Amino acid sequence: MSIFFNNGLRFLKVLDCREAPLNTFPKEILKLYNLRYLSLRDTNVSSIPKSIGKLQKLNTVDLRYINVTELPAEILQLKQLRQLLVYRYVHRFTTSLEVVGFKALRGLETLSSLQSLCFIEVDPFECLQALPNLVHIELVEAYDGETLCFKADGFKMLKVLLLGKFDRLKRVTIERGTMSSLEKLMLRDCKLLDEVPTGIECLSNLKDLEFIDMSNEFLMKLNQRTDLLHISTIFVGYEADWGMDGYLI
């Protein structure tokens, strides 16, 4: 990495280290104060230093498919951050895959410029509703309650939402006026959820619905709904050994 500085590239704005033979976070990166985009995707990096907070101009941090599951609190200092992508796939049992994200940080709601967030774990839900610029969010094992309510006027700019592996979730309520820009909603592996979210018919901009690995009772009630005709695509599927399988309603 020192070659960047020897060649006068300390003003670099984009650094894509995808698939590079890296085992640790290169300390030289911390001197790239003009960096806007940083990708360590598909490397062997397993931790992010606290000093990443020095890179104040970062817009995108791509940590997909690496072994990072916790981020330092100093990442909350990146007030221009728009995309935070942290997840990987791991094998469970035989051929099945499971998504592993990162543990939510207290104070995540202070990143007001954030637009895309994938994947987070634990329970950050309440603080996320107030993020004004969030357009894409994927939540996996991010909520431990039995009921979930999307409050009126929350997630105003959100266009894509994934809820996955909410193991105790039984009911979802969507209040009128929330997620007014939502175009795609995905529910995956929420086994105790036995009916389509209440209020989903009010999402006038919704174009795509995707239900993966949901219960038979949920699917039976879905087929009884007659108020979802405004939605262009409704896909029902399940994970199989050979990949995704399913059908359109």
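How exposed is C202? C202 is partly exposed, with a relative accessible area of 29%; the label covers everything between buried (under 20% relative accessible area) and exposed (over 50%), using a 1.4 Å probe and protein chains only. The model here is a predicted one, in which local features need pLDDT of at least 70 and side-chain atom pairs count only at pLDDT 80 or more, while totals for chains, interfaces and linings use all residues. Residues are numbered from 1 along each chain as its sequence is written, and side-chain values use heavy atoms, with hydrogens and water left out.

**The chain as a whole**

- Three helices and 16 strands make up the secondary structure of the chain; helices (H or I, at least four residues) and strands (E, at least two) are DSSP runs, numbered from the N terminus.
- The chain has 249 residues, and 47% of them count as buried.
- Among contacts in the chain with a separation of 6 or more, 42% join residues 24 or more positions apart; a contact means heavy atoms within 4.5 Å.

- In helix α3 (residues 216-224), the buried residues are F218, L219 and L222.
- Looking down the axis of α3, you would see these buried residues fall within an arc of 95°, so they line one face of the helix; the arc is that of the directions from the helix axis to the C-beta atoms.
- N216, N223 and Q224 are exposed on the other side of α3.
- The packing partners of the buried α3 residues are β13 (184-188), β14 (208-212) and β15 (233-240).
- N216 belongs to helix α3 and counts as exposed at 67% relative accessibility.
- Between N216 and K191 there are 9.1 Å in space, C-alpha to C-alpha, although the two are 25 residues apart in sequence.

**The nonpolar core**

- The largest nonpolar core holds 69 residues, and L40, L71 and L84 touch the most other members; such a core is a set of buried Ala, Val, Leu, Ile, Met, Phe, Trp, Tyr and Cys residues joined through side-chain atoms within 4.5 Å.
- Elements that each supply at least two residues of this core include β9 (136-140), β10 (147-150), β11 (160-164) and β12 (171-174).
- Helix α3 gives the most to this core, with three residues.
- L71 is in contact with I48, L63, L84, V86, F102 and L105, leaving aside its neighbours within four places in sequence.

**Aromatic pairs**

- A search of the whole structure turns up two aromatic pairs; rings of Phe, Tyr and Trp (its six-membered ring) pair if their centres lie within 6.5 Å, and planes under 30 degrees apart count as stacked, over 60 as edge-to-face and the rest as tilted.
- The ring centres of F150 and F155 are 6.1 Å apart and their planes stand at 55°, so this pair is tilted.
- Both F150 and F155 are buried.
- F211 and F218 form an edge-to-face pair, with 5.0 Å centre to centre and 65° between the planes.
- F211 counts as buried at 1% relative accessibility, and F218 is buried with a relative accessible area of 0%.

**Cysteines**

- A disulfide is a covalent bond between the sulfur atoms of two cysteines.
- The search of the whole structure finds zero disulfides, taking a disulfide as a pair of cysteine sulfur atoms within 2.5 Å.
- C17 is buried, with a relative accessible area of 7%.

**Loop residues to look up**

- R41 sits in the loop between β2 (37-39) and β3 (60-62) and is buried, with a relative accessible area of 17%.
- Not counting residues up to four places away in sequence, R41 touches C17, R18, E19, D62, R64, Y65 and I66.
- Most residues other than glycine have a negative phi.
- E19 is not a glycine, yet has a positive phi of about 65°.
- The loop between β1 (14-16) and β2 holds E19, which counts as exposed at 60% relative accessibility.
- K165, another residue other than glycine, has a positive phi near 55° and lies in the loop between β11 and β12.
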